[in-house]
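Work through the exercises below with the sequence and the structure open. Try each task before reading its solution.

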Amino acid sequence: EYIVSVDVPRLDECVNRFTLEEHHRFLLHCLPAKASVWMRMMQQLSRRSVLVFSQSNPVLEALRAKIPGLVITGDTHQPQREKIVEAFQSGTQRVLYLNLRCGSLGICLTRAHHVFLMDAHWNPQLSEQAICRAYRMGQGSVVQVFRFIATHERETHGSFEEYIFKQGVLKSALALHLLDDENRVHRLSAEDVRTSRLRQHYKN
């Protein structure tokens, strides 16, 4: 798994406003810079099967306009969804665009060799479930995962998306500490949350 950091200009209006509307506005603001890097990567994968996830349908449509492919969103009905999955699995189409919310569950996409996560989501489990679409039974190849994160390299403060990603890492770290190997739940005190071990996991 790889983190693809993409430098984007700061969008001051939505830096400290975490509404859904402002979040999607930020995603579209970052799209030109991300799309430029993504296009160069896709050119090197000309014959490989690829999954592209985003939580924003406009982002998916903008990318699809650059490189044609199949698409699954919340508007895709089940019969049509099954035909799309079959076309991808058979190799008829090599690129499949999926909305993160509706494409992260109940789909087997083992033909995929590469997974692109174009934006960070508040719920890290959605991203993990999306990746698992390519890791179902029948997958015989190594799958490479690329997470795109918008950054502000020329500034000391991190970007809106970096904040979301780091919060996701912290949530995942907490989950690991709450559940043991037998899925038994452990109670954590406030002091446990502040332990150096957890902070180290968060920093990584």
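The model is predicted.

**Exercise 1. Describe the overall make-up of the protein.**

Solution. Start with the elements: the protein has 7 helices and 6 strands. Along the sequence they follow the pattern β-α-β-α-β-α-β-β-α-β-α-α-α. Next, take burial: of the 204 residues, 44% are buried. Last, take the contacts between residues at least 6 apart in sequence: 73% of them join residues at least 24 apart.

**Exercise 2. Work out how the buried residues of α3 are arranged and what they pack against.**

Solution. Step one is the helix itself. Helix α3 covers residues 78–90, which is 13 residues, and spans 18 Å from its first C-alpha to its last, close to the 18 Å expected at 1.5 Å a residue. Step two is to list its buried residues: R81, I84, V85, A87 and F88. Seen down the axis of α3, these fall within an arc of 160°, so they line one face of the helix. An α-helix has 3.6 residues a turn, so residues three or four places apart point the same way. Step three is the face turned away from the buried side, where P79, K83 and E86 are exposed. Step four is to find the partners: the buried residues of α3 pack against β2 (50–54), β3 (70–72) and β4 (95–99). Just after α3, G91 has a positive phi of about 90°.

**Exercise 3. Find which residues of α2 are buried and what covers them.**

Solution. Helix α2 runs over residues 57–66, and V59, L60 and L63 are buried in this helix. They cover an arc of only 100° around the axis, which puts them on the same side of α2. The cover over the buried residues of α2 includes α1, β2 and β4.

**Exercise 4. Decide whether T73 is buried or exposed, and list its contacts.**

Solution. First place the residue: T73 is in the loop between β3 and α3. Buried means under 20% relative accessible area. T73 has 10% relative accessibility and therefore counts as buried. Leaving aside neighbours within four places in sequence, T73 contacts N57, L60, R81, N99 and C102. Two of these residues have come up already: L60 is among the buried residues of α2, and R81 is among those of α3.

**Exercise 5. Characterise the ring pair formed by Y2 and F146.**

Solution. The model has 4 aromatic pairs. In one of them, Y2 and F146 lie 5.5 Å apart centre to centre, with 20° between the planes. Planes under 30 degrees apart count as stacked, so this pair is stacked. Y2 belongs to strand β1 (residues 2–7) and F146 to strand β6 (residues 144–151); the two residues are 144 apart, and the pair links distant parts of the chain. Now compare accessibility: Y2 is partly exposed, with a relative accessible area of 43%, whereas F146 is buried at 10%. Finally, widen the view: ring pairs link Y2, F116, F146 and F148 into a cluster.

**Exercise 6. Locate the largest cavity and say which helix gives the most to its lining.**

Solution. Begin with the count, which is 1 cavity of 30 Å³ or more. The largest cavity holds about 40 Å³ of space. Its lining is formed by L27, L31, K34, V59, M118 and D119. Helix α1 (residues 20–43) gives the most to this lining, with 3 residues. V59, another lining residue, is one of the buried residues of α2.

Note on methods: Residues are numbered from 1 along each chain as its sequence is written. This is a predicted model: local features need pLDDT of at least 70, side-chain atom pairs count only at pLDDT 80 or more; totals for chains, interfaces and linings use all residues. Side-chain values use heavy atoms; hydrogens and water are left out. Helices (H or I, at least four residues) and strands (E, at least two) are DSSP runs, numbered from the N terminus. The expected span of a helix is 1.5 Å times one less than its number of residues. Buried means under 20% relative accessible area, exposed over 50%, partly exposed in between (1.4 Å probe, protein chains only). The arc is that of the directions from the helix axis to the C-beta atoms. Contact means heavy atoms within 4.5 Å. Rings of Phe, Tyr and Trp (its six-membered ring) pair if their centres lie within 6.5 Å; planes under 30 degrees apart count as stacked, over 60 as edge-to-face and the rest as tilted. On a 1 Å grid over the protein atoms alone, a cavity is a set of points where a 1.4 Å probe fits but cannot get out, and a pocket is an open set with protein on both sides within 12 Å along at least five of seven lines; lining residues have an atom within 4 Å of a point. Grid points are joined across faces, edges and corners, and a volume is the space filled by probe spheres set on the points.
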